[in-house]
Amino acid sequence: MNNSNSRCTPAPLALAVALCFAAPAFAQTAAQALAPVVVTGARFDSDPSLLPIGATVISAAEIRRSGVSDVNQAIRKIGGVLGHQSLDGSPDFALDLRGFGTNSSQNMVVMLDGVRLSENELSSAILSTIPVDSVERIEITRGGSSVLFGDGATGGVIQIVTKRPGARTAGTHGSVFGEAGQLGLREGRAAMTHSTDSWAFDLSGGALDTDNYRDNNKFKSRSVNAGAQVAFPDGRAGVRLSSTRQDSRFAGSLSQAQFDTNPRQASTPDDFGSLDSDRFTAFIEAKVAGYDLAAELSHRRKELEATYFFGTGSAALDYESKQTQFSPRVRKLGQFGGVLNEAVAGIDFIDWTRDQKGAMPVKATQKSKALYLRDEVKWDAFRLAAGVRRELFEKQNADAAPWATANYDVTQGLNAWDMQGSYALSPKATLHAKIGHSYRVANADENGYTPVPNTVLQPQTSHDLELGTTYTDGSGKLSARVFRHELRNEIFYDPTAGAFGFGANTNLAPTKRQGFELDASAELARDWTLSGHYQRVKATFTEGAMSGREMVLVPKNVLSARLTWTPADGQTADIGAQWVDSQRFGSDFDNSCIARIPSYTTLDARYARKFGAWEVALSGLNLTDKNYYGMAFQCRGGIYTSDGRQLKLSARYEF
């Protein structure tokens with residue numbers, strides 16, 4: 001239900017969700033049944049020496065120590081990824097890799113246990129309903145990744161890997177969590193697992209209610225997830241069911257004058273919406289004649305409703321969408337004369353449909369099929385990988401309204417390739433390089449409002465380059481990367497385009513993202529750790545009438561730092577700060593607006609203490625109660641206020 005904005009002005013799609021709790025399969029014997037799996041760069045559980053090149057990894061221990069309440073918050077707080085405030089009151093901020101601003105969610109891919117969450121809509125992947133205690137690790141790979149992950153992976157990919165009960169945890173285990181805080185926050189979560197030598201069952205549920213910071217911005221969520229898995233000689237199979245129900249109220253955007261007067265007020269005091277989503281996933285993996293075989297089959301049904309009021313009238317939206325995904329693949333992993341080789345081939349089939357109900361029904365469909373090949377070799381201190389992908393998209397839209405301007409039936413074909421290499425200068429220091437070509441296609445919402453009636457947008461392509469180095473020793477780690485993305489036909493909302501004064505989604509003149517990223521952590525003393533992330537991005541037009549102008553809604557600098565205290569007596573504490581540079585307003589393509597979205601700094605902190613099986617924690621967000629915003633779609637207008645200070649008290653019990 002998040003990320004609705006002025007890109008869809010005539011008929012805003014304020015509700016959208018991509019939810020799935022799919023479990024990956026992996027090959028192992030019954031004696032090793034239900035051991036933890038690591039899904040990495042090649043969409044298989046990899047050899048430890050073939051982890052994704054240049055990736056940032058967030059461990060389960062870091063997640064637990066930080067006390068984050070959901071996966072989205074973990075990616076922002078621990079991974080240093082910039083998040084844009086959600087526009088519907090949900091805790092799912094739009095995550096931004098490499099400075100893609102308001103289109104950040106469409107320029108990265110989110111995977112959960114090997115299954116794609118990102119879908120054919122203007123929406124962010126919904127991560128807040130993933131039980132945060134179930135996460136084993138989160139891998140953030142920045143930069144072009146379309147060979148393995150297809151459409152929309154120019155900014156990078158975020159892979160979430162959940163824990164799997166193993167033989168060492170056989171029996172019944174679980175946890176109960178409760179939290180209350182300011183702004184009407186009430187949250188409860190419970191999870192339980194039961195496993196034997198070859199079977200595992202899990203059940204979890206969550207409930208979240210909050211009034212949020214602004215008027216008319218209440219949010220309520222209910223979710224339940226259940227799964228069953230069985231291990232057999234040289235393989236594993238299982239099923240998973242997931243269900244989510246959400247209700248939102250929409251506060252709307254503010255002018256600068258309204259924000260200055262009262263940043264908590266609502267411009268749309270009566271708008272509201274709801275979302276229901278259910279997903280079923282089955283998976284299997286087996287080792288046959290020295291080959292690893294794996295596949296996931298997933299089906300998701302989603303219904304969203306929204307009502308918007310204007311003047312003396314109102315408009316109601318009612319959509320139902322369905323998506324079926326099938327992703328079989330094969331891997332050959334072998335050692336030949338001191339050379340480790342991993343060869344992967346796979347296909348992805350996705351069938352997506354959406355029906356708009358009402359007197360004038362609209363039906364949109366997209367079918368895609370892709371083939372990808374990738375090979376990686378490792379010898380001595382060298383690693384070298386190369387891959388290619390071919391994907392076809394069949395897009396249709398049928399609108400029964402006599403004034404409709406978005407009827408089309410087209411096929412688009414895209415290619416991706418990449419090469420990656422690394423060299424270990426020493427056991428502590430590594431150099432790496434990446435080069436490739438990535439792509440994304442306009443989704444159904446974007447093709448619904450284009451400058452030329454009944455004509456879809458051209459695919460967006462990017463030439464990607466990254467050079468980096470990593471240094472690790474026993475007390476710290478330092479990673480640095482320089483990058484460049486040269487984009488053609490970038491897909492973006494242009495408020496000056498279109499024939500009716502509403503703006504339109506369009507293909508921009510050539511643009512470029514280039515910059516520098518730095519991740520660092522160090523043990524200052526026995527119980528003290530300091531970590532930090534810095535990103536500098538220069539996003540500009542490179543050709544056309546806007547050549548040299550800055551792109552909108554992209555802060556040039558983002559810096560975050562965190563100090564953590566972890567003594568051995570059951571106490572933990574941390575304090576963090578993030579500074580976000582100023583940025584252009586969302587409509588300021590020609591850079592003519594004399595104002596900019598102001599820079600801002602926020603502080604958060606947490607203290608926790610364990611008492612046997614119990615843990616009690618006190619935490620706070622935006623501790624200085626700063627009034628600020630990071631999303632605004634017009635010059636000094638279209639402002640969505642960010643959250644004010646919130647103090648929270650929580651308790652957890654494990655059994």
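Colleague: Which residue in β20 is the bridge partner of Glu391?

Modeller: Leu414 is the bridge partner of Glu391. Bear in mind that this is a predicted model.

Colleague: How many bridges join β19 to β20, and in which sense do they run?

Modeller: There are 16 bridges between β19 and β20, the latter covering residues 408-424, and the two strands run antiparallel.

Colleague: And what does β18 pair with?

Modeller: β18, residues 362-379, pairs with β19, residues 382-399. That pairing is antiparallel too, over 18 bridges. Within it, Leu373 stands opposite Val388 of β19.

Colleague: What is in the turn between β18 and β19?

Modeller: The two strands form a hairpin with 2 residues between them. Asp380 sits in that turn and has a positive phi of about 50°.

Colleague: Where else is there a positive phi in a residue that is not a glycine?

Modeller: Arg98 is one case, with phi of about 70°. Asp625 is another, with phi near 55°.

Colleague: Changing topic. What is the strand order in the open sheet of 5 strands?

Modeller: The order is β1-β6-β7-β4-β5, with mixed pairing. β1 (56-59) and β5 (115-116) are the edge strands, each pairing on one side only.

Colleague: How do β6 and β7 pair?

Modeller: β6 (residues 135-142) and β7 (residues 156-162) are antiparallel, with 7 bridges between them.

Colleague: Which elements supply at least two residues each to the largest nonpolar core?

Modeller: That core has 23 residues. The elements supplying at least two each are α2 (71-77), β4 (109-112), β6 and β7. The members that touch the most others are Ile63, Ile75, Leu127, Ile138, Ile158 and Ile160.

Colleague: Take Ile158. What does it touch, beyond residues up to four places away in sequence?

Modeller: Ile158 touches Ile75, Leu95, Leu97, Met108, Val109, Val110, Met111, Ile138, Glu139 and Ile140.

Colleague: Which residues does the second core include?

Modeller: It is a separate core of 14 residues, and Leu254, Cys593, Ala632 and Tyr640 are among them.

Colleague: Cys593, then. What does its disulfide join it to?

Modeller: Cys593 is joined to Cys635, with an S to S distance of 2.0 Å. The structure holds 1 disulfide.

Colleague: Why is that disulfide right-handed?

Modeller: The torsion about the S-S bond of Cys593 and Cys635 is about 65°, so the disulfide is right-handed.

Colleague: Where do the two cysteines lie?

Modeller: Cys593 is in the loop between β29 (571-580) and β30 (600-611), while Cys635 is in the loop between β32 (629-634) and β33 (637-641), so the pair ties together parts 42 residues apart in sequence. Cys593 is buried at 8% relative accessible area, whereas Cys635 is partly exposed at 39%.

Colleague: Next, Arg440. Where is it, and is it buried or exposed?

Modeller: Arg440 is in strand β21, residues 429-440. Its relative accessibility is 2%, and under 20% counts as buried, so Arg440 is buried.

Colleague: Which backbone oxygen does the Arg440 side chain reach?

Modeller: The side chain reaches the backbone oxygen of Ile491, at 3.3 Å. Apart from neighbours within four places in sequence, the contacts of Arg440 include Asn103, Gln106, Asp151, Glu446 and Pro459.

Colleague: And what is Glu320 in contact with?

Modeller: Glu320 lies in β15, residues 313-326. Leaving aside neighbours within four places in sequence, Glu320 is in contact with Arg301, Lys302, Glu303, Thr353, Arg354, Asp355 and Lys357. Its C-alpha is 7.4 Å from that of Arg301, which is 19 residues away along the chain.

Colleague: Last topic, the whole chain. How many helices and strands?

Modeller: The protein chain has 5 helices and 34 strands. Of its 655 residues, 56% count as buried.

Technical notes: Residues numbered from 1 in each chain as written. Predicted model: local features only at pLDDT ≥ 70, side-chain atom pairs only at ≥ 80, totals over all residues. Heavy atoms only, no water. Pairing = 2+ DSSP bridges. Helix = DSSP H or I, 4+ residues; strand = E, 2+ residues; numbered from the N terminus. Core = buried A, V, L, I, M, F, W, Y, C linked by side-chain atoms within 4.5 Å. Buried < 20%, exposed > 50% of the residue type's maximum accessible area, 1.4 Å probe, protein only. Contact = heavy atoms within 4.5 Å. Disulfide = S-S within 2.5 Å. Polar contact = N/O pair within 3.5 Å; in protein donor to acceptor, adjacent residues only side chain to side chain.
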